[in-house]
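Have a look at it first, and then we'll go through who touches whom.

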Amino acid sequence: MIVRILAEGQWTVADDQLDSLNALDSALEAAIADGDALTFAKSLEALLDAVRTSGSPLPDDTLEDSDLILPPADATLEEVRELLNDDGLIPG
Amino acid sequence: MTLMKRISLIFRAKADKALDRAEDPRETLDYSYKRQLDLLSKVRRGVADVATSRKRVELQVTQLEQQSNKLTEQAQKALAVGREDLAREALTRKSALTGQINDLRAQHAQLQGEEEKLTLASQRLQAKVESFRTRKETIKATYTAAEAQTRINEAFSGISEEMGDVGMAVQRAEDKTAQMQARAGAIDELISSGALDDASSVGRGDDIARELEAMTSQSDVESELAALKAGASGGSPQALDAPEARPAQIEASQTEATPVAEPRKEEGQA
């Protein structure tokens, strides 16, 4: 599967990694639900690191869309909330 | 549904919406390509804007560092003439300045990070736009409108996602830069007001230098007086008239009640 980290690029990640990514994703979602900025930052970092280390980067000139998209590494909790509400963070 | 799946669906919905716009799918290709080029120049402008802000902060750091060095020198001078109070005042101001300098350095690092990110984003987008252009020409040359549709969808969704990503990155960089520019503007004002840049000319910032100067000129006056007394005991009134203006000036300099009005007073006497 292809995973994009916003503002960073795309990775090909083996399908058998999905479970562990999902577990990290759940932790991130819980932190967002709780409004816990510190846990949010830690979970986001853990999730992005998992993608970066288990995946291999796609070349810049590929035109493939991603199966999963992750927030940028420096995103704040509020920004991710906005992103999920589709509140103008993605122009166009 | 996972967070990462939700975000990808949001991006895809945006791409689909954009794709529905054209009637002939092959027109969509040209339309999209034009938008890609627009976005590419927007990212490049973004890189240039962030670089401008970064340079501005660099300049400010240099100016504040110069001022900080000046305060150190003033403190040394003040100590040399036994005015610990003045030295303390100079060092107090220096420490306030140090805080500002550190703040600016942090901003500088942040701007540098944004600049690097946007530069990479523009490189990625450029590679994809080039790839899209090649594919667009192939599709237009080889396929009928009906056949073209699926190929276009494939090419389009990949680049749309990238465009959404890059568009967002530019927006975030602009927002961050705007915040920092507001603060940079305030510091520029402070510097151009002279309060920081030239502590020995105007306003509150100059009283240390002025006191040091006053002490120097006072000793000049004393030595000149001594020279006059020693040289011409029957001295002419004219010779004594001229230096008379100086003690008045010293008094003005030493009075700290209305520091802002003082430079005008001194000008009047000069």
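In chain A, helix α1(A) brings Ser20(A), Leu21(A), Leu24(A), Asp25(A), Ala27(A), Leu28(A), Ala31(A) and Ile32(A) up against Thr39(A), Phe40(A), Ser43(A), Leu44(A), Ala46(A), Leu47(A) and Ala50(A) of α2(A). Residues count as in contact if their C-beta atoms, placed from the backbone, lie within 7 Å. By class, that contact has 11 nonpolar residues, three polar and one charged (Ala, Val, Leu, Ile, Met, Phe, Trp, Tyr, Cys and Pro are nonpolar; Asp, Glu, Lys and Arg charged; the others, Gly among them, polar).

This is a predicted model: local features need pLDDT of at least 70, side-chain atom pairs count only at pLDDT 80 or more, and totals for chains, interfaces and linings use all residues. Residues are numbered from 1 along each chain as its sequence is written, with chains lettered from A and ligands numbered from 1 in the order written.

**Between the chains**

- The contact draws 26 residues from chain A and 34 residues from chain B.
- On the chain A side, α1(A) gives the largest share, four residues.
- That side of chain A splits into 12 nonpolar, five polar and nine charged residues.

**Inside chain B**

- The domain assignment, which is automatic or from a database, gives domain 1 (7-198) and domain 2 (205-269) of chain B.
- Nine residues of domain 1 of chain B are in contact with six residues of domain 2 of chain B.
- The domain 1 side of that contact in chain B has six nonpolar, one polar and two charged residues.

Key
Contact = placed C-beta atoms within 7 Å. Helix = DSSP H or I, 4+ residues; strand = E, 2+ residues; numbered from the N terminus.
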